[in-house]
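Good morning, and thank you for coming. Please look at the sequence and the model on the screen while I speak.

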Amino acid sequence: MMDEWLWMCSMPGFYRNDFARLLQFFESPEAIRKSEKKQISLLPFLKDRQKKVLEEWRSHSAEEIRHKLTEKGIKFISCMEKGYPERLRALEDYPYGLFYLGELPSPRERCVAVVGARMCTNYGRSIAVEVAEVLSEHGISIVSGMAYGIDGIAQAACLKAGGRSYAVTGCGADICYPADHRSLCRELAQKGGVITEYPPGTQPVPLHFPMRNRLISGLSECVIVVEAKKKSGSLITADLALDQGKDVLAVPGRMEDPLSEGCNQLISQGAGILTSVEELISHLGISMENVKKKKKNNITLASSENMVYICLDFRPKSLTEIIRSSGLPAEAVMRILMDLQMRGLVEEISKNYYVLKK
């Protein structure tokens, strides 16, 4: 029975909606495999190319397919099996099967999605790293797409901090995309998983990525968007999360910054605003000591430096804000900020705007 699901889900060139129509017509994967050529030719919802694939695929056995998966270290689970993620089963368009390297999230494992721009800024990079590290410290796994930019940065930082992370890809599990992330892919397979609904050999075509985004949000209890343009895959993930009843937290940015337009748009539409890791941990219902205080324990600062340092966060703050919050003279604040920059603790991301630096 389970092998028939593997057989069906391994058919190349078929998508979730195609499988849904086939199951509606034939009622089971076994009946699909035993269908006759004449029946297949009359199916109105399949393209001619798909009909030919289905006719040919009937000659493949599940044993043969499973053997090839084993050779590549790829595992498969159908929606009918006990270990299938319940979070995905709750989706209206849940995948009928998953191919994966490593492991799937356990039923009690808390997961948060961290997504964002591929061409991210240093500011976005620092936020992704800080969020990933804090989540990892508190036993929360990160789900993302292993893409360039925020996705890959957050996942790499999570693993480096000793956490677990899961990548949902838009191609077969035997294909690393992007290719430059081979080492990250290998590490994810060892300390989490690489998950896809597409069978081995499936190429990473653009159509697949919006479709896989529902799984990123589906596996997660909330979605964090760090940086995003007005039209981006991250916003698709955020919209899917909202449709699924999940929380979305967006990092605000400057109005004139194109990489902040998407986040600012989400916030204007009602998404949560993420301006500190304390807010994030509080939102997730985790009791913790103030993260900034924990950082300060490892940094020796003079009292006046301390007064400036505690005014900063990973949200850009203007020199005027810092002066007002610290209560120190402007000249002293400017000198202290320069000293903190030289020590690698603070970064000036634009004229007179400062953030904490990793």
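This is a predicted model: local features need pLDDT of at least 70, side-chain atom pairs count only at pLDDT 80 or more; totals for chains, interfaces and linings use all residues.

**Pockets, a cavity and a covered helix**

The second largest pocket of this structure has a volume of about 250 Å³. Sorted by class, the lining of the second largest pocket has six nonpolar, four polar and three charged residues.

Let us turn to the largest pocket. Its volume is about 480 Å³. Of the 30 residues lining the largest pocket, Arg 118, Ala 147, Arg 212, Gly 233 and Ser 234 are the closest to its centre. Which helices each supply at least two residues of this lining? They are helix H11, residues 208-218, and helix H12, residues 233-243. H11 provides the largest share, five residues. By class, the lining of the largest pocket has 16 nonpolar, nine polar and five charged residues.

Next come the cavities. Rolling a probe the size of a water molecule over the atoms shows where empty space is left. How many cavities of 30 Å³ or more does the structure hold? There are two. The largest cavity contains about 110 Å³ of space. Its lining is made up of Cys 9, Met 11, Phe 14, Tyr 15, Arg 16, Phe 19, Pro 95, Tyr 96, Gly 97, Glu 197, Tyr 198 and Pro 199.

I now move to one helix. Helix H9 covers residues 150-160 and is mostly covered, with nine of its eleven residues buried. Which residues of H9 are buried? They are Ile 150, Asp 151, Gly 152, Ile 153, Ala 154, Gln 155, Ala 157, Cys 158 and Leu 159. What do these buried residues pack against? Their partners are strand E3 (111-115), helix H8 (122-137), strand E4 (141-144), strand E5 (165-168) and helix H10 (182-190). After H9 comes Gly 162, which has a positive phi, near 90°.

Let us take one of these partners, H8, in detail. The axes of H8 and H9 are 8 Å apart, and the two helices pack at an angle of about 35°. The crossing of H8 past H9 is right-handed. From the H8 side, Gly 124, Arg 125, Ala 128, Val 129, Ala 132, Glu 133 and Ser 136 take part, and they meet Ile 150, Ile 153, Ala 154, Ala 157 and Cys 158 of H9. By class, this contact of H8 with H9 has eight nonpolar, two polar and two charged residues. As you read those numbers, keep in mind a general point. An α-helix has 3.6 residues a turn, so residues three or four places apart point the same way.

Pro 178 is found in the loop between E5 and H10, and both E5 and H10 are among the partners of the buried residues of H9.

Glu 27 is not a glycine, yet its phi is positive, about 80°. This residue sits in the loop between helix H2 (16-26) and helix H3 (29-33). Is Glu 27 buried or exposed? Glu 27 counts as exposed, because its relative accessibility is 72% and the cut-off for exposed is over 50%.

Asn 352 is another residue other than glycine with a positive phi, near 65°. Its place is the loop between strand E11 (346-350) and strand E12 (353-356). With 28% relative accessibility, Asn 352 counts as partly exposed.

Asn 352 also leads us to Ser 318. Leaving aside residues up to four places away in sequence, Ser 318 touches Asn 352 and Tyr 353. Ser 318 lies in strand E10, residues 317-318. Why does Ser 318 count as buried? Its relative accessibility is 13%, and buried means under 20%.

Thank you for your attention.

Technical notes
Residues are numbered from 1 along each chain as its sequence is written. Side-chain values use heavy atoms; hydrogens and water are left out. Buried means under 20% relative accessible area, exposed over 50%, partly exposed in between (1.4 Å probe, protein chains only). Helices (H or I, at least four residues) and strands (E, at least two) are DSSP runs, numbered from the N terminus. Contact means heavy atoms within 4.5 Å. Axes are lines fitted to C-alpha atoms, for helices over the stretch in contact, and angles run from 0 to 180 degrees between N-to-C directions. A crossing is left-handed if the near helix is turned anticlockwise from the far one by less than a right angle, and right-handed if clockwise. Ala, Val, Leu, Ile, Met, Phe, Trp, Tyr, Cys and Pro count as nonpolar, Asp, Glu, Lys and Arg as charged, and the others, Gly among them, as polar. On a 1 Å grid over the protein atoms alone, a cavity is a set of points where a 1.4 Å probe fits but cannot get out, and a pocket is an open set with protein on both sides within 12 Å along at least five of seven lines; lining residues have an atom within 4 Å of a point. Grid points are joined across faces, edges and corners, and a volume is the space filled by probe spheres set on the points.
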